[in-house]
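These are my notebook entries on a structure examined element by element. I recorded what I looked up and what I found.

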Amino acid sequence: MKSREHPGDMPEEEFKKYGHELIEWAAKYLNGVESFPVLPDIKPGELKSKLPLNAPAEGEEMEKIIADLDRLILPATTHWQHPNFMAYFNSTASGPGILGEMLSAAFNVNAMVWKSAPASTELEETVLIWFRKLMNLPEEFKGIIYDTASVSTMHAIAAARESAGFDIRKNGMSGVPKLKLYCSEHAHSSVDKGALTLGIGLEGIRKIKSDSEFRMIPAELEKAIKDDRANGAVPFCVVATIGTTSSTSVDPVDEIAKICEREKIWLHVDGAHAGVTAMLPEMKKHFNGLDRADSFVVNPHKWLFVPVDLSILYTRKPEIIKKAFSLIPEYLKTAEDGVVENYMDYGIQLGRRFRSLKFWFILRYFGVEGLRSRLREHIRLGRLFAKWIDEDSRFERLAPAPFSTVCFRAKPGGNNDEKALDELNEKLLNNVNSTGKVFITHTKLNGKFTIRLVVSGLRTEEKHVMLAWNVIKENLELLLQQN
Ligand SMILES: *Cc1c(COP(=O)(O)O)cnc(C)c1O
């Protein structure tokens, strides 16, 4: 044990020594990640039971801490960086992103106001303009970085609420008529959470029916708005999704935008996962009408190789977010107010991390074409997997695959018993995942247990998707033999 009671940080020599050692550790981990089971073989509470009950009184050696990374942390880790992680919406942290993240900790600026972090403030403005151009968003769209899409969307809903015309900033919610927010039944739960946070209430959230391809039906939206107005409620926000979480379906944003314009309702578009594909000219068709939205959220930490977390909210009405949230206490007034951007004005948080640094590293290191070609490869692999499903009579696809997410189930031998099919597919998914070779997850579409495979990992190659397919087929065969 070493007494570290003397003041001051870790000495420079030691910082360098272990800095190099940990980069080696991380490089070896990433290079060898395929040798681990994607999902750890671990029971709830297992790690906690191995950790001491109290923090050490005396400083410990770095060797010992690093040894515990291998001994305790690795075996309790689900490997998101694994090429066979095809669950949820995968997000890979790329090399340049990891290095950028490390440096933002080294600077440790707190970007509350321009003065507290000019570099963070101006790099954020610049990088978000680059990205806006890459995604062909309108020039009026201003970007703001938040941690997650959930928080971005909450701020968009807050702006929508502020622009509903009741001066809620001043008066609060009392005396305000019932406000109504609309989204499809496939919208992400973060929309509900944001609305709940803002006092809209579950009854204020209307889930609009979707069509056979899981897209919001505009006529149903129109009808709901009309009914609510007739009942004295105030429609104030519509959330459309480009790439829903279950099936990556795309709401008809163009038609929804027309309704919102006519009804004077804020339109927020959720492109948390699939939004980054606006960078690809061939995907333009999925983004029709986005230029007419009031706000749009996209997560580079989902499918653009940025380490968690980094979400961007673009809006053509940043002044409304500011109106909803800006409060400048005396101790944060600066001489530059009014001339510069003070990002604390755009939300509930004061302190902000230097998140744009890692994104800047990534945009520069891979370049626009480098990023585009990676997205295209994932889309190609997703379509290839969809084709294998379509060509195998024991399986069926349960949704279109406009991006690189494939929804399917096993349906062997013309089995039409829905309950039995649900059970079979749930077992199949569990068996596949317990091999440790791949990790995939599920959803429900039209009440059917649906297996979902997503290709968006930086390390995922055709051989990995093929391995996943083989593991799925082998496990189906085993299950069928048992019956
Ligand atoms: C993942 C996802 C979210 C939530 O993202 P967080 O950054 O984890 O809050 C919201 N909407 C959609 C469509 C998503 O896929």
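**Entry 1: helix 5.** I began with the span of helix 5, which has 17 residues and reaches 24 Å from its first C-alpha to its last. That is close to the 24 Å expected at 1.5 Å a residue. The model is a predicted one, and I read every value here with that in mind.

I then looked up the buried residues of helix 5 and found Ser120, Thr121, Leu123, Glu124, Val127, Leu128, Phe131, Arg132 and Leu134. I noted the general rule that an α-helix has 3.6 residues a turn, so residues three or four places apart point the same way. Which elements cover the buried residues of helix 5? The cover includes strand 1 (142-146), strand 6 (295-298), helix 11, strand 7 and helix 13. After helix 5 comes Asn136, and its phi is positive, near 60°.

**Entry 2: Arg372.** I located Arg372 in helix 13, which covers residues 356-391. Is Arg372 buried or exposed? Its relative accessibility is 15%, and because buried means under 20%, Arg372 counts as buried. I listed its contacts, leaving aside neighbours within four places in sequence, and found Leu134, Met279, Leu280 and Pro281. Leu134 is also one of the buried residues of helix 5.

**Entry 3: the ligand.** I asked which residues come nearest to the ligand. Of the 13 residues around the ligand, these are Ala149, Ser150, Asp270, Asn299 and Lys302. By type, the shell divides into three nonpolar, eight polar and two charged residues.

I next looked up polar atom pairs. A side-chain N or O atom of Ser150 is 2.5 Å from an oxygen atom of the ligand. For Thr245, a polar side-chain atom lies 3.2 Å from a ligand oxygen atom. The side chain of Asp270 has an N or O atom 2.6 Å from a nitrogen atom of the ligand. I also recorded the area: the ligand taken alone exposes 380 Å², and the protein buries 87% of that. Which elements give two or more residues to the shell around the ligand? They are helix 6 (149-162) and helix 11 (300-303).

**Entry 4: helix 6.** Helix 6 has 14 residues, and its first and last C-alpha atoms are 20 Å apart, close to the 20 Å expected at 1.5 Å a residue. Why is helix 6 described as largely enclosed by the rest of the structure? The reason is that 12 of its 14 residues are buried. Among them are Ala149, Ser152, Thr153, Met154 and His155, as well as Arg161 and Glu162.

**Entry 5: Ile242.** I placed Ile242 in the loop between strand 4 (234-241) and helix 10. With a relative accessibility of 0%, Ile242 counts as buried. Not counting residues up to four places away in sequence, Ile242 touches Ser249, Val250, Val253, Val269, Asp270, Gly271, Ala274, His286, Phe287 and Phe403. Asp270, one of these contacts, also has the side-chain atom 2.6 Å from a ligand nitrogen. I checked Ala274 separately: Ile242 and Ala274 are 32 residues apart in sequence, with 6.5 Å between their C-alpha atoms.

**Entry 6: Ile65.** I looked up another pair, Ile65 and Leu103, which are 38 residues apart in sequence and 21 Å apart in space, C-alpha to C-alpha. Ile65 lies in helix 3 (residues 62-73). At 41% relative accessibility, Ile65 counts as partly exposed.

**Entry 7: backbone angles in loops.** I searched for positive phi values in residues other than glycine. Asn108 has a phi near 50° and is found in the loop between helix 4 (95-107) and helix 5 (118-134). Is Asn108 buried or exposed? Its relative accessibility is 61%, so Asn108 counts as exposed. Lys264 has a phi near 55° and lies in the loop between helix 10 (253-263) and strand 5 (266-270). The relative accessible area of Lys264 is 74%, and Lys264 is exposed.

I closed with the peptide bonds. Which residues does a cis peptide bond join? Val308 and Asp309 are joined in this way, with omega about 10°. I found Asp309 in the loop between helix 11 and strand 7 (311-315).

Key: Residues are numbered from 1 along each chain as its sequence is written. This is a predicted model: local features need pLDDT of at least 70, side-chain atom pairs count only at pLDDT 80 or more; totals for chains, interfaces and linings use all residues. Side-chain values use heavy atoms; hydrogens and water are left out. A residue is near a molecule or strand if one of its heavy atoms lies within 4 Å of it. A polar contact is a pair of N or O atoms within 3.5 Å; within protein, one must be able to donate a hydrogen and the other to accept it, and residues adjacent in sequence count only if both atoms are side-chain atoms. Accessible areas come from the Shrake-Rupley method with a 1.4 Å probe; for residues, only the protein chains shown count as cover. Helices (H or I, at least four residues) and strands (E, at least two) are DSSP runs, numbered from the N terminus. Ala, Val, Leu, Ile, Met, Phe, Trp, Tyr, Cys and Pro count as nonpolar, Asp, Glu, Lys and Arg as charged, and the others, Gly among them, as polar. Buried means under 20% relative accessible area, exposed over 50%, partly exposed in between (1.4 Å probe, protein chains only). Contact means heavy atoms within 4.5 Å. The expected span of a helix is 1.5 Å times one less than its number of residues.
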